[in-house]
Structure formats: structure tokens, C-alpha cells
Amino acid sequence: QVQLVESGGGLVQAGGSLRLSCAASGRTFSTNAMGWFRQAPWKEREFVAAISYTGTTYYADSVKGRFTISRDNAKNTVYLQMDSLKPEDTAVYYCTADRAPFRIGFTALRDQAAYFYWGQGTQVTVSS
């Protein structure tokens, strides 16, 4: 059974930092892109960042320069380092894995339809 388990969420003041982790089990995702999406109350889930199997990274404009996605294939884990957090970053953050191997490109990897496996989500709350 494939599982993605997020951790690292919490409450932080504006300007602070958090590091989210997503540990995958049940199969390896070294040939698949991994991503992070988020959903704020009363809003649709939106793309945050993705990393391809080659290590190429992609970001939403709203987080570019503040968030960094990375992966450790040996640990089957993907990370999201979030710096300079803002109240508008408050949301449930979801880790996800691409359904197809070797997919690259921003247009493809920002689309939720590219992803098949999802974590349960971790809450990030940024106070002003």
C-alpha cells in the first residue's frame, strides 16, 4: 500500500520558517515528479511547488524566492522549506506524487491531474 505522510506543519509568526517533510512508503518515486499543493479555507487547492525526477524545480509565483522544494531519493522523501512566511500562506499543505514516470515541465507539473498519490495534509498557520 502506497502512503505519503506529511509532517512539519504548525503555527508560526509572519516572517518565520517551517520545513515540511513528506515520507513515501510502499514504492519508490525516484523516477516520478513530486509536488506540494495547498488549500486555504474556502479556496480551491492550488499548486505550490514541484520537483521532477531530474531535480528540476518549479514554483508558483506566490512562493517563488521564499519556498524551496527538494528531494532525497535514498530516503524516498520530499521536502518543502518555507521561509519569510506570510499570513496568506496559511493552508493545509498536501504532498503528492506524479502518476507517470519521467514527466517534466511546469505546465504539466502544476496541474493536479498529473498526480495520483496524495498525503493526508498538514496544517500551516501563519499569524500576523
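**Entry 1: Thr122**

I began with Thr122, which is found in strand 11 (residues 122–127). Strands here are DSSP runs of E with at least two residues, helices are runs of H or I with at least four residues, and both are numbered from the N terminus. The model is predicted, so local features need pLDDT of at least 70 and side-chain atom pairs count only at pLDDT 80 or more, while totals for chains, interfaces and linings use all residues. Residues are numbered from 1 along each chain as its sequence is written, and side-chain values use heavy atoms, with hydrogens and water left out.

Is Thr122 buried or exposed? Thr122 has 10% relative accessibility and counts as buried. I noted the cut-offs: buried is under 20% relative accessible area, exposed is over 50%, and partly exposed is in between, with a 1.4 Å probe and protein chains only.

I then listed the contacts of Thr122, leaving aside neighbours within four places in sequence: Glu6, Gly9, Leu20, Ala91, Val92 and Tyr93. Contact means heavy atoms within 4.5 Å. I also looked up Pro41, which is 81 residues from Thr122 along the chain; their C-alpha atoms are separated by 13 Å.

**Entry 2: the whole protein**

I counted one helix and 11 strands. Along the sequence the pattern reads β-β-β-β-β-β-β-β-β-α-β-β. The C-alpha trace spans about 40 × 30 × 25 Å along its principal axes.

I looked up the radius of gyration, taken over C-alpha atoms, and the globule rule, which is 2.2 Å times the number of residues to the power 0.38. A compact globule with 128 residues would have a value near 14 Å, and the protein has 13 Å, which agrees.

Of the 128 residues, 45% count as buried. The accessible surface comes to about 6400 Å², and 50% of this belongs to carbon and sulfur atoms. Such areas come from the Shrake-Rupley method with a 1.4 Å probe, and for residues only the protein chains shown count as cover. Among contacts between residues at least 6 apart in sequence, 61% join residues at least 24 apart.

**Entry 3: the nonpolar core**

A nonpolar core is a set of buried Ala, Val, Leu, Ile, Met, Phe, Trp, Tyr and Cys residues joined through side-chain atoms within 4.5 Å. Which residues touch the most other members of the largest core? I found Leu4, Trp36, Leu80, Met82 and Tyr93, in a core of 37 residues. Strand 5 (residues 46–51) gives the largest share of this core, five residues.

Not counting residues up to four places away in sequence, Leu4 touches residues including Cys22, Phe29, Met34, Cys95, Tyr117 and Trp118.

Next I checked Ser21, in strand 3 (residues 18–25). Ser21 counts as buried at 18% relative accessibility. Beyond neighbours within four places in sequence, Ser21 is in contact with Val5, Glu6, Ser7, Trp36, Val78 and Tyr79.

**Entry 4: salt bridges**

How many salt bridges does the structure hold? It holds five. A salt bridge is a side-chain nitrogen of Lys or Arg within 4 Å of a carboxyl oxygen of Asp or Glu.

Arg38 pairs with Glu46, with the closest N and O atoms 2.7 Å apart. Arg38 is buried at 6% relative accessibility, whereas Glu46 is partly exposed at 35%. Arg38 also meets Asp89 in a salt bridge of 3.0 Å, N to O. This pair links distant parts of the chain, 51 residues apart: Asp89 is in the loop between strand 8 (77–82) and strand 9 (91–101), and Arg38 is in strand 4 (residues 32–39). Asp89 is buried, at 1% relative accessibility.

I noted one more pair, Lys64 and Asp61, at 3.2 Å from N to O. Asp61 counts as exposed at 66% relative accessibility. Salt bridges with shared partners join Arg38, Glu46, Arg66 and Asp89 into one network.

**Entry 5: positive phi angles**

Most residues other than glycine have a negative phi. I looked up two residues with a positive phi.

Ser84 is not a glycine, yet has a positive phi of about 50°. Ser84 sits in the loop between strand 8 and strand 9 and is partly exposed, at 40% relative accessible area.

Phe102 is not a glycine either and has a positive phi of about 65°. Phe102 is in the loop between strand 9 and helix 1 (106–109) and is partly exposed at 49%.
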